[in-house]
Amino acid sequence: MTGAQRLSQDAREALANDPENLFAVDQHSNAQKRSGDAATWLPAAKGFRCTYVGHQIAVKAEYHLWVTPAEHDAMVRVLDRC
């Protein structure tokens, strides 16, 4: 996530293990996403996108991570359809 490199080791571990940030996915989806954000990757299941973006926003707020302009615009587009 954008900004995570500034976090302490303990905070990065908390982020990596935060249930709000973890989703069980198949290997193909995980490989497609890599480190993509909402501007470059969204779940194929359109009905899950609102939940996915909501979790991203919650996690970014919790860990004081930033959102790029392109990511912000993509999040707004998704949330406008919820």
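1. Let's start with helix α3, where Tyr 52, Val 53, Gln 56, Val 59 and Lys 60 are buried. If you look down the axis of α3, those buried residues fall within an arc of 125°, so they line one face of the helix. Turn to the other side of α3 and you find Ala 61 and Glu 62, which are exposed. Keep in mind as you go that this is a predicted model.

2. How long is α3? The helix has 14 residues and reaches 20 Å from its first C-alpha to its last, close to the 20 Å expected at 1.5 Å a residue. After α3 comes His 64, and its phi is positive, near 55°.

3. Ala 38 deserves a click in your viewer. Leaving out residues up to four places away in sequence, Ala 38 touches Gln 56, Glu 71, Ala 74 and Met 75.

4. Next, the charges. The count comes to 1 salt bridge. Glu 71 pairs with Lys 60, and their closest N and O atoms are 3.3 Å apart. Glu 71 sits in helix α4 and Lys 60 in helix α3, so the pair ties together parts that are 11 residues apart in sequence. Are these two residues buried or exposed? Both Glu 71 and Lys 60 are buried.

5. Last, the sulfurs. Searching the whole structure turns up 1 disulfide, which joins Cys 50 to Cys 82 with an S to S distance of 1.9 Å. This pair links distant parts of the chain: Cys 50 is in helix α3 (residues 49–62) and Cys 82 is in the segment after α4 (69–80), 32 residues apart. Why call the disulfide left-handed? Because the torsion about the S-S bond of Cys 50 and Cys 82 is about -110°. As for accessibility, Cys 50 counts as partly exposed at 26% relative accessibility, whereas Cys 82, at 56%, counts as exposed.

How values were computed: Residues are numbered from 1 along each chain as its sequence is written. This is a predicted model: local features need pLDDT of at least 70, side-chain atom pairs count only at pLDDT 80 or more; totals for chains, interfaces and linings use all residues. Side-chain values use heavy atoms; hydrogens and water are left out. A disulfide is a pair of cysteine sulfur atoms within 2.5 Å. Helices (H or I, at least four residues) and strands (E, at least two) are DSSP runs, numbered from the N terminus. Buried means under 20% relative accessible area, exposed over 50%, partly exposed in between (1.4 Å probe, protein chains only). Contact means heavy atoms within 4.5 Å. A salt bridge is a side-chain nitrogen of Lys or Arg within 4 Å of a carboxyl oxygen of Asp or Glu. The expected span of a helix is 1.5 Å times one less than its number of residues. The arc is that of the directions from the helix axis to the C-beta atoms.
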